[in-house]
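Reader: I am new to reading protein structures. Could you show me how to go through one, feature by feature?

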Amino acid sequence: MSQPPDNPHFPFSAVVGADGPDGPDPMALALILTTIAPDVGGVLVRGEKGTAKSTIVRALAAVLPPVEDRPVPLVELPIGATEDRVTGSINLESALAEGKAEYEPGLLAKAHRGILYVDEVNLLHDHLVDLLLDAAAMGRATVERDGVSMTHEARFVLVGTMNPEEGELRPQLLDRFGLTVEVAAPRDPALRAEVVRRRMAYDADPAGFAASYADAEAALRERIASAQDLVGSVRLTDAALLKIAEVCAAFDVDGLRADIVTARAAVAHAAWSGRSQVILDDIRVAATLALPHRRRRKPFDAPGLDEDLLDQALGDDELPPEDPTDPEPDPEPEGPGPDGPDADGPEPDGHDGTAETPDSTGETPNSTGETPNSTGETPNSTDVAGTGATYRTRLLAVRGVGAGTSGRRSRARTSNGRRVGAAVPTGAGGAIHLTETIRAAAPHQFARGRREGRLLLRPADLRVAVREGRESNLVLFCVDASGSMAARKRMEQVKTAVLSLLLDAYQRRDKVGLVTFRGAGAEVALPPTHSVDAAAQRLEELPAGGRTPLAEGLLEAAHLLAVERTRDPLRRALLVVVTDGRATSGADAVARSRAAAGLLAESGVTTVVVDCESGPMRMGLAAVLAEHLAAEHVPIGEVSAEDLVDAARRAA
């Protein structure tokens, strides 16, 4: 996708920090290394909005050496692209008009020997991301659909950018990207001012600004070309390979992809630096780009790299020459053993053998010394509970059949899934339903002059398959954080249940939001977002205490759902109310809460009430609330899929 000459891209070397006195910054360097050695596996750029992620990627194509006297293509893949747009499919016009099944190339074919760029890659459907990564790794794409079976070359550099606030990629998909880099806006005022200065100069005169960097761009292009010529002859010694394995083992990464990518990136960095052999510095740079995202084991773990651990794994000594004269390894340094001076060290701070003593009620007093009142609430205190180990939850789904974005929660008409019927196409794409297309054309054959031979088809005969699969939803949590939750030691159980449901939402590609209520009112703790990590962080910090403004919580949830319904009408909502059902804040608290519940029920939103009440004496208020909400009532002990199975067995 070439840029018109009268409106050139922002120059790569003009991006502040892209080519500083110490060489390119991490983002620019990662992009350069993957163009020198495409088998590194592409680059994922993570960062907040407004950090020039897209600008520098689009500028990259202009500094790459030409391919067979043509510019390197930059193909952008929109997040709304369908699978047939990505891989290609038959040309429908040719098939209907001429009866020929001709292949129409997709974006993978167009990106061959170029750059395939996906902005907001974290919002792209998982199966498309996997498809892109497979093609990038193998250098070819296979098409098996609509009667077409073929394989074509698709060697390209895959670059994805994303804002983590809008949702994370799964750890399995993160691992498939060769290199990852985190970017953030500079905090130095002088550097920020220079960014603005260059951007304003470019906006005022794009061609003139680009011309002022022409020499720098040419020099960069020549250096990349030299590195591409050199990379095939760079030596990776056994000592260097062993050091890479030691570094990867030190960070306890899964599998061997990290070792392979680090080795390839180290070789590319050596070529970029003009060296014919990998040295320790090459391994260090490669590790900082190839390992951080592979340490993200769990969905709520943040990517990162411990620099001290990296220094320890690399050591201070340079790599030995390729043919060492002394093959004997150095002896292991002696350290403290089990009976050494550190064996009987002092206890960590805070573990002096003392323990809190319960008061006369059998409960441990809180930090303020207040005692719960007769309703179980501590009106003037707050507490922040921790969370326990997460668990697999039962499936909570929206009623009926939707038509939202493909996901893994509720039934919906989607582009994939089982075929349940046929329809007249309303736009581009979609798999042909051959039987229904023939059925639609058959009654018109005589009128079209057909007496024998092949079937005469017209565009109006075309029918596409209607498929039913699963969609993603907006899962809005409305969480009771009042004193009754804290005083009865419920908040840890509540947070663990909600965190487990958040993990389930992450796996099903849902948007999530969080409303909390306590004291005298309710607040939106987190507006609807794809970032389940942000929701987990808000939940972790959630205090508990005060009275229970149940009506305010329900009304705040109703308002937020109405706004989201306007913004995204196809995304259906699932409201999860987590409470014990008490309403104790303000006059007529119970009547107002029932009125708010009736309002939500009339809106038609699918609601689940997770009942947090426990103990032998239960009031059953959450079950009554569920009736007013026309909601499913789920005791908190049955949120876990395993516990649900156990309960069913006991009932049987």
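**Reading the features**

Author: Start with Ala52, which counts as partly exposed because its relative accessibility is 32%. Buried means under 20% relative accessible area, exposed means over 50%, and partly exposed lies in between (1.4 Å probe, protein chains only). This is a predicted model, where local features need pLDDT of at least 70, side-chain atom pairs count only at pLDDT 80 or more, and totals for chains, interfaces and linings use all residues. Residues are numbered from 1 along each chain as its sequence is written, and side-chain values use heavy atoms, with hydrogens and water left out.

Reader: Where is Ala52 found?

Author: Look in the loop between strand E1 (43-47) and helix H2 (53-63). Helices (H or I, at least four residues) and strands (E, at least two) are DSSP runs, numbered from the N terminus.

Reader: What is the phi of Ala52 near?

Author: Phi there is near 65°. That is a positive value in a residue other than glycine. Asp252 is not a glycine either, and its phi is positive at about 55°. Find Asp252 in the loop between helix H11 (238-250) and helix H12 (257-272). Asp252 is exposed, with a relative accessible area of 52%.

Reader: Now salt bridges. How many does the structure hold?

Author: General idea first. Side chains of opposite charge can pair when their charged atoms come close. Here a salt bridge is a side-chain nitrogen of Lys or Arg within 4 Å of a carboxyl oxygen of Asp or Glu. The structure holds 26 of them.

Reader: Show me one inside a helix.

Author: Take Arg198 and Glu194, whose side chains meet at 2.8 Å, N to O. Both are in helix H8 (residues 189-204), and they are 4 residues apart, so about one helical turn separates them. Glu194 is partly exposed, at 23% relative accessibility.

Reader: Which parts does the salt bridge of Arg394 and Glu632 tie together?

Author: Check the contact first: the closest N and O atoms of Arg394 and Glu632 are 3.2 Å apart. Arg394 lies in the loop between helix H14 (307-314) and strand E10 (406-414), and Glu632 lies in strand E18 (residues 632-635), so the pair ties together parts that are 238 residues apart in sequence. Arg394 is buried, at 17% relative accessibility. Glu632 is partly exposed, at 35%.

Reader: Which residues are linked in a network of salt bridges?

Author: Arg409, Asp504, Arg508 and Asp510 form that network.

Reader: What about distance in space? Take Val634 and Val578.

Author: Compare two numbers. Val634 and Val578 are 56 residues apart in sequence, and their C-alpha atoms are 9.6 Å apart in space. Val634 is in strand E18, and it is buried, with a relative accessible area of 2%. Pro8 sits in the segment before helix H1 (26-36). Pro8 counts as buried at 18% relative accessibility.

Reader: How do I read a surface patch?

Author: Patches use residues with over 30% relative accessible area and no salt bridge; like charges are joined within 9 Å, and nonpolar side chains (Val, Leu, Ile, Met, Phe, Trp, Tyr) within 5 Å. Areas come from the Shrake-Rupley method with a 1.4 Å probe. Val195, Val196 and Met200 make a nonpolar patch, with about 270 Å² of accessible area together. Val196 belongs to helix H8 and is partly exposed at 45%.

Reader: Which residues form the negative patch?

Author: Asp281, Asp316, Asp317 and Glu318 form it. Asp281 is in helix H13 (residues 280-290). Asp281 is partly exposed, with a relative accessible area of 37%.

Reader: Last one. How many disulfides are found?

Author: A disulfide is a pair of cysteine sulfur atoms within 2.5 Å. A search of the whole structure finds 0. Look at two cysteines anyway. Cys478 is buried, at 0% relative accessibility. Cys612 is buried too, with a relative accessible area of 1%.

Key: Lys, Arg positive; Asp, Glu negative; His and termini not counted. Charge placed at Lys NZ, Arg CZ, Asp CG, Glu CD.
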